[in-house]
Each structure stands twice: as structure tokens, then as C-alpha cells.
Amino acid sequence: MKALLTRDLMLAIRAGGGFGLGLAFFLIVTVLVPFGVGPQTELLSRIAPGILWIGALLACLLSLDRIFALDWEDGSLDLLATAPLPMEGIVSVKALAHWITTGLPLVFAAPVLGVLLSLPVPAYQWVVISLAVGTPALSVIGTFGAALTVGIKRGGLLMSLLVLPLYVPTLIFGAEVARRGAEGLAVQTPLLLLAGISFGVIALLPFASAAVLRINLR
Amino acid sequence: MSLWEYANPVKFIRTTDKVLPWVWALTGICLVTGLVWGFFFTPDDFRQGSTVKIIYIHVPSALMAINAWLMMLVASLIWIVRRHHVSALAARAAAPVGAVMTMIALATGAFWGQPMWGTWWAWDPRLTSFLILFLFYLGYMALWEAIENDDTAADLTSILCLVGSVFAILSRYAVNFWNQGLHQGATLSLDKEENISDVFWFPLLVCIAGFVLLFIALVFLRTQTEIRARRTRALLAREGQG
């Protein structure tokens, strides 16, 4: 499992694209928003937590098809499937690698981009915390979507259609934590629910992803 | 004699062929009676005026939108556990019907909301969760269409249906988080003495029965079509080889 993880991380860093592109996309989305809604500071600081969350979500979504597509094409996914490693383990490691290459950088980039959106000061910590808690869920759910569509040519659009509705609860609670943090309200309830979703999907969804992947490899 | 005999496609088609005309007839009777009764022979509501009559389409279609998904969930489970092709095809057949029911519920809700709440749409928990349900239907149907191998498609969509159900319920409670919203709480429930005034209640019941029967008829018909289409494809494939 460790070998698989280091291999995926190496590939993501050295093959280019995986590591930087998600971040660059996050930056672009955040920069585009003021162009769209105008540069008024009050407006921006009100919607900043939500924008950061949506930007992170889209950046996650864009990099999802890289999780399995390349391994599927060159056949290494078949090799992995015959390796003495449970499919659930493979799926979990893939999700972890995706989170390290996409989710984690987003968490660190969010406060920097928050400056651009004049994010209120008390919100910084909550944006970072909510993203740190929520992005693993995004990666795991996304892995399920990627596993579903791995056999389909040009399945990227279909995958977005399948994955985005599944992201709804995570987004609601995550953005709620950030918003309440920005307004100085109590964040405990949505934060706990967000953590609940994260742990729940980490615990259960790999089984579904593995089942789906087995069907696709049949 | 058990329920599983109907998992045999021949038996299924033979039985539904016999049953279908009756279901269609009953559907017609219920819908016509319920709608005519509701539209023309019930009084206007004291505050809502004649807009209250949207209830005869809105409530039954909303009910069926949820029940169609439940039926797909059960059919998917049967497919995963017992691998009866009829059940997978029934789930596939139910999806577009459910999606249309969801759309009808959303549209009639908008027509009702405009004069009553002064807005076509609000990000109210119930409205939002129905919109999300609609997205789930779209994804489910798109996945069926995208995969060429029938069995793979059935397997993948049934797992999507299971996972989707969990997330649909999660979303339902997540959107509750915002606020109560404009939509009223549950009006119809089984354990109350009187839900709404009997004048509205009886035609509504007939309409609900009509929509349930319509759903059953459409699902039977579409499942038959799917079975026959698959049989034709198998025959054509055999011709091609021989």
C-alpha cells in the first residue's frame, strides 16, 4: 500500500499537471469571481467563504478523472487488481493520494486567496479548518465517481453529473462552517456534521468504490 | 407459486399483458374522476382561491417522485442480491417516469408558489431537496445510457442507486439546516384524524390512486419494451453469426 501511495504521489508530481493544475484552477476561479460580481469589498467578503468552498470543490472535481483513467489505459489497474492487495485498499490509497495532491494544497492555498476576496479576519481559521475536514470527503466521494465512469470513453462530463449531487451535503456543511465562522457565530454543529460526513464516507464508500471497480474490470 | 416466478421474463410479459389493460382502465377512471371532481366540483379555498386546485397534481406527483426512487432502490437491491434481469430493467424503466414526476412536482409547485408566496422559486429545504432528487435521476439515467454492456450497466447503476439514496437522504437533512423555509410541513399523514377538509381529501385520494396506477402501468409497459428490445437484439446478434 505504501509503495502504491509513493508511486501515485511520484507520478502526480513528476508527470506534471496533477499537483499544480488544481491549485491554478482554484486561483483562476477565485480571481474570476470579482470580475463577475464586481469589486465591492463588502459583497466580496460576504460571499468569500462560499466562493472558496465552491472553488475548492471544482478544483477537486477537475482532477478526479486522473485517479483511475491513466492506470486503466496502460493496464496497470488490472495488475493492481490481481496484486495481493484488497480492492478496498487500492481505492482508499488512490483517494488518499488524490487528497494529498489536490485537497491538501487547496487547504493551504485558501487563506492566501482569501486575501484577494477580502475574507473577514475571524473566518480564516474556519475556512482552513472546514476545508481540512471536508476535502477528504470530496476526494473519497470523487474516487467513487471516478471508479463508476472509468470504463467510459470521455466520461468526464458524466462523472461531474454523477459526483456533484453527491457533493451537496459536504458543500452545505463546509460552507456553513466557513460562513458562521466569518460572522462570529458558533460553528460546532455544522463542523461536527461535516466531520461526521467525512469519517462516514471514508469508512464506508471505499467498499462501494471497490465493488464498482471490480465490475468495471470484469 | 412464489413472487420470484415473475422474475422470468416470459412469465412477466404474459402476466403484465393480462393485467395492463385493467391497470390502464383503472388509471383512466381514477385520474378523470379525481381531476374532474377536484377541478370542478370542489369549493375554492377561503384564502388561496382556486389555486388550491393545483394540489390535485402537485401532491400525487411529488409522492410518486419519491416512491419511484424507492421502487428503483428495491429493484436495484433485488438485482444485486438475486440477479433477476427483470428487476434491473424495471429499475431502468422507472427512472424516467420518476424524473418526470419530479419535474411535474417542481413545475406545479412553482405555479402554486408564484401567487401564494410571490415567488416562483425559493431555496427552501423541500424545494431544494426535490431539485437534488431530480439531479440524481438525471445522473442515474445518464449512467444507464453511457455503458454499452447491459449487465455492467445494471450493476453500476444499482450501486449508484444505493449510494445515491444515502446521499439524497443526507442532502434532505442537510438543507434543513438553513431554515424552515416557505413550504408547509407535512399535511398528509396516516396517523392524524383529519388531514385536510374532507371536501378536498376525497378527490385528492382518488388522484393519488390514479397517479400510483399510472406509474405502475408505465413501469410495466416500459419494462416490457425493454425486455422485447433486448430479445430483438439477441435475435439479431444470432442472425448475424449464423
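What percentage of the 218 residues in chain A do buried residues make up? In this predicted model, the share is 51%. The legends below take up the two chains, their contact and selected residues.

**Figure 1. Chain A of the predicted model is built from 9 helices and 0 strands.** Read from the N terminus, the elements follow the order α-α-α-α-α-α-α-α-α. With a radius of gyration of 18 Å, close to the 17 Å that the globule rule gives for 218 residues, chain A is as compact as a globular protein of that length. Its C-alpha atoms occupy a box of roughly 55 × 35 × 30 Å along the principal axes. Of the contacts in chain A between residues at least 6 apart in sequence, 81% connect residues at least 24 apart.

**Figure 2. Chain B contains 6 helices and 0 strands.** The order of elements from the N terminus is α-α-α-α-α-α. Along the principal axes, the C-alpha trace of chain B extends over about 70 × 40 × 30 Å. Of the 242 residues in chain B, 38% are buried. Where contacts in chain B link residues at least 6 apart in sequence, 78% of them join residues at least 24 apart. The mean pLDDT of chain B is 85, and 92% of the residues score at least 70. Within chain B, confidence is highest in helix 2 (residues 55-82), at a mean of 91, and lowest in helix 5 (residues 150-175), at 88. For the model, ipTM is 0.85 and pTM is 0.87.

**Figure 3. The contact between the chains involves 19 residues of chain A and 21 residues of chain B.** On the side of chain A that touches chain B, two or more residues come from each of helix 7 (123-148), helix 8 (156-183) and helix 9 (188-217) of chain A. Helix 8 of chain A gives the largest share of this side, 10 residues. By residue class, the side of chain A that touches chain B consists of 17 nonpolar, 1 polar and 1 charged.

**Figure 4. Helix 8 of chain A carries a kink at A:Val168.** The kink is about 40° and lies shortly before the proline A:Pro169. Helix 8 of chain A is largely enclosed by the rest of the structure, because 22 of its 28 residues are buried. Just after this helix, A:Gly184 adopts a positive phi of about 75°.

**Figure 5. A:Leu162 is placed in helix 8 of chain A.** A:Leu162 has 28 C-beta neighbours inside 10 Å and therefore counts as buried. Leaving aside residues up to four places away in sequence, A:Leu162 touches A:Gly145, A:Leu148 and A:Thr149 in chain A, together with B:Gly139, B:Leu143 and B:Leu160 in chain B. The C-alpha atoms of A:Leu162 and A:Leu80 are 25 Å apart, and the two residues are separated by 82 residues along the chain.

**Figure 6. The largest nonpolar core comprises 135 residues.** The members that touch the most other members are A:Ala56, A:Ile141, A:Val212, B:Ala68 and B:Ala94. Helix 8 of chain A supplies the largest share of this core, 14 residues. B:Ala68 touches B:Ala94, as well as B:Val97, B:Gly98, B:Met101 and B:Phe215, when residues up to four places away in sequence are not counted.

**Figure 7. A:Ser118 and B:Arg83 are residues other than glycine with a positive phi.** Most residues other than glycine have a negative phi. A:Ser118, with phi about 45°, lies in the loop between helix 6 (87-116) and helix 7 of chain A. A:Ser118 is partly exposed, with 17 other C-beta atoms within 10 Å. B:Arg83, with phi near 55°, belongs to the loop between helix 2 and helix 3 (85-117) of chain B. B:Arg83 is likewise partly exposed, with 13 other C-beta atoms within 10 Å.

Key:
Residues are numbered from 1 along each chain as its sequence is written. Chains are lettered from A and ligands numbered from 1 in the order in which they are written. This is a predicted model: local features need pLDDT of at least 70, side-chain atom pairs count only at pLDDT 80 or more; totals for chains, interfaces and linings use all residues. Two residues are in contact if their C-beta atoms, placed from the backbone, lie within 7 Å. Helices (H or I, at least four residues) and strands (E, at least two) are DSSP runs, numbered from the N terminus. Ala, Val, Leu, Ile, Met, Phe, Trp, Tyr, Cys and Pro count as nonpolar, Asp, Glu, Lys and Arg as charged, and the others, Gly among them, as polar. The bend at a residue is the angle between axes fitted to the seven residues ending there and the seven starting there. A residue is buried if 20 or more other C-beta atoms lie within 10 Å of its own, exposed if 12 or fewer, and partly exposed in between; C-beta atoms are placed from the backbone. A nonpolar core is a set of buried Ala, Val, Leu, Ile, Met, Phe, Trp, Tyr and Cys residues joined through C-beta atoms within 7 Å. The radius of gyration is taken over C-alpha atoms; the globule rule is 2.2 Å times the number of residues to the power 0.38. pLDDT is the predictor's confidence in each residue, from 0 to 100.
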